[in-house]
Amino acid sequence: MADERPVAGTAGSAGTAGSAGLAGLAEERVDHRFKALPPDADGLTVAELAAERRNLFTGGFTTPVLALSAESVAHNLALLETYAERHGLAFAPHGKTSMSPQLFARQLEHGAWGITAAVPHQARVYRAFGIQRIFLANELVDEAALTWLAGELAADPDFRFVCYVDSVRGVELMDEALSAAGASRPVDVVVELGAGEGARTGARTEADCAAVADAVAAAGTLRLVGVAGYEGEVPEATGERVRDWLRRLVALAADFDAAGRFTALDAGAGERIVISAGGSAWFDAVAHVFAEIPELSSPVLKLLRSGAYVSHDDGHYRHLTPFNRVPEEGALQPSFRLWAQVVSRPTDEQAFLNAGKRDAAYDLDLPQAQVVRSGRDGSVRVATGIEITGLSDQHAWVRTDEGAELEVGDWVGMGLSHPCTSFDKWQLIPLVAADGTVTDYIRTFF
């Protein structure tokens with residue numbers, strides 16, 4: 001993996017495809033496919049609609065409508081860029097969070113080394129939009145996907161791809177599929193160390209990891225470039241347990257290096273040993289332990305993969321973010337707000353909104369009522385005494401305290417928990433400035 005500087009997908013055939021792809025998003029026509037967009041905008045291109053700079057509340061949008069704060073997204077992008085720079089980390093944010101090429105481009109502009117994927121479909125989306133470096137944080141044993149990958153690597157010499165391996169059988173399947181596809185370039189792989197018994201994927205012991213590395217060395221279509229894992233799966237995770245596992249990962253890389261397992265890397269050409277970890281809950285521990293990595297035979301690419309930061313949230317990640325433990329490093333800002341309208345107020349203690357499971361994340365926490373925008377005069381107030389107690393497919397169940405001000409026609413702005421299951425319910429999301437002006441539309445591909 002020569003020349004490890006950040007790239008924004010502007011070189012080679014994939015870069016051309018990426019530039020054209022992003023431009024193509026702006027030329028997509030607005031119609032019934034996209035929830036909540038103004039009916040009178042049908043037939044306009046996304047660029048034309050964005051140029052009108054409509055107001056989210058008075059510009060003809062229908063409810064429910066999910067909005068992303070333009071200011072908070074910009075803040076979060078800048079914060080992780082400076083955090084990675086401060087701690088000497090490369091950064092491949094996990095794209096599964098947003099599956100938005102526009103946000104990928106902005107992450108690359110803010111110094112990301114590449115974009116992380118979890119499954120082949122995501123990698124195909126990335127390539128369609130010119131992503132030149134993909135880290136697949138998963139095993140890849142699908143013959144059809146490996147055939148596609150061999151073709152991508154052959155067609156674009158600047159394309160860099162790395163994925164996990166955690167079993168001898170998986171290595172065999174990769175080698176068979178790539179050989180059958182006539183792969184002209186080896187696929188770079190990292191041995192995944194499992195986070196412990198009962199954790200998710202990954203070889204469970206160092207001996208298992210060595211056996212997988214031996215299998216890679218015997219496969220003509222693969223090249224071992226490092227080690228990786230996911231500390232978020234450490235059982236009963238605490239800071240101490242996570243750091244202990246990260247030190248195992250670093251020690252595994254050092255042992256592999258001492259055994260000459262990375263000799264295929266060309267340090268003179270800028271190729272580095274990859275050591276990768278880092279979800280959105282423990283990247284402070286990753287930064288701490290990766291700062292302890294000893295000198296190896298080649299420089300090390302310390303690759304962080306956090307993805308939820310781009311939007312953050314008002315629930316799960318608000319509680320888990322490492323910035324709670326290191327407030328001097330800054331703070332992420334929640335970017336999502338789901339707006340729904342009160343459509344029924346059958347009793348003084350109950351109301352119903354027109355947003356439900358099809359619109360809001362609900363796998364970790366229910367939405368939180370934050371503000372109410374009056375349907376009469378547009379004034380905004382804090383949602384005092386208003387609680388979301390449940391979701392149906394298309395309704396939110398609301399309990400109101402005595403004296404709570406809420407009537408049919410009011411808009412309720414809700415904070416959400418878990419970005420991954422918020423983005424995936426919306427294909428085109430308004431990016432909204434603090435004054436309500438919609439400045440752009442974020443396209444997703446789930």
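**A walk through the predicted model**

Let's start at Gln-102: leaving aside neighbours within four places in sequence, this residue is in contact with Leu-22, Leu-25, Asp-440, Tyr-441, Ile-442 and Arg-443 (contact means heavy atoms within 4.5 Å). Gln-102 is found in helix α4, residues 101–109; helices here are DSSP runs of H or I with at least four residues, strands are runs of E with at least two, and both are numbered from the N terminus. The side chain of Gln-102 also reaches the backbone oxygen of Tyr-441 at 2.8 Å. That is a polar contact, meaning a pair of N or O atoms within 3.5 Å; within protein, one must be able to donate a hydrogen and the other to accept it, and residues adjacent in sequence count only if both atoms are side-chain atoms. With a relative accessible area of 17%, Gln-102 is buried, because buried means under 20% relative accessible area, while exposed means over 50% and partly exposed lies in between (1.4 Å probe, protein chains only).

A word on what you are looking at. This is a predicted model, in which local features need pLDDT of at least 70, side-chain atom pairs count only at pLDDT 80 or more, and totals for chains, interfaces and linings use all residues. Residues are numbered from 1 along each chain as its sequence is written, and side-chain values use heavy atoms, with hydrogens and water left out. The chain averages a pLDDT of 95, and 96% of the residues score at least 70; pLDDT is the predictor's confidence in each residue, from 0 to 100. Over residues 5–16, though, the pLDDT is below 50, and this stretch has 26 contacts in the model beyond near neighbours in sequence.

Now for the sheets. An open sheet of 8 strands runs in the order β2-β9-β8-β7-β6-β5-β4-β3, with parallel pairing. Two strands pair if DSSP finds at least two bridges between them. At the edges sit β2 (90–91) and β3 (115–117), each pairing on one side only. Further in, strand β6 (residues 187–192) is joined to strand β7 (residues 222–228) by 6 bridges, and the two run parallel; Val-190 stands opposite Gly-226 in β7. Parallel β7 and β8 are joined by 3 bridges, with Ala-228 standing opposite Ser-276 in β8.

Strand β8 (residues 273–277) is mostly covered, with 5 of its 5 residues buried. Ile-273, Ile-275 and Ala-277 point one way, Val-274 and Ser-276 the other. In a regular strand the side chains alternate between the two faces of the sheet. Strand β4 (residues 133–139) holds Arg-133, which is buried at a relative accessible area of 5%. The side chain of Arg-133 reaches the backbone oxygen of Trp-113 at 3.4 Å.

Elsewhere the strands run antiparallel. Strand β10 (residues 336–347) is joined to strand β1 (residues 65–69) by 4 bridges, and Leu-68 stands opposite Phe-336. β10 also pairs with strand β16 (residues 411–415) over 4 bridges in the antiparallel sense, where Val-412 is the bridge partner of Ala-340. With strand β11 (residues 350–353), β10 has 3 antiparallel bridges, and the two form a hairpin with 2 residues between them.

What about the nonpolar core? The term covers a set of buried Ala, Val, Leu, Ile, Met, Phe, Trp, Tyr and Cys residues joined through side-chain atoms within 4.5 Å. Of the 145 residues in the largest one, Phe-135, Phe-161, Val-187 and Phe-290 touch the most other members. Helix α9 (residues 239–258) gives the most to this core, with 8 residues. Not counting residues up to four places away in sequence, Phe-161 touches Ile-134, Leu-136, Leu-140, Leu-149, Leu-153, Val-187 and Asp-188.

And the cysteines? The structure holds 0 disulfides, a disulfide being a pair of cysteine sulfur atoms within 2.5 Å. For Cys-163, the nearest cysteine sulfur is that of Cys-209, 15 Å away. Cys-163 is buried, with a relative accessible area of 0%, and Cys-420 counts as buried too, at 12%.

Finally, look at Thr-389 in strand β14 (residues 386–391). This residue is partly exposed, at 36% relative accessible area. Among the residues Thr-389 touches are Leu-366 and Trp-397.
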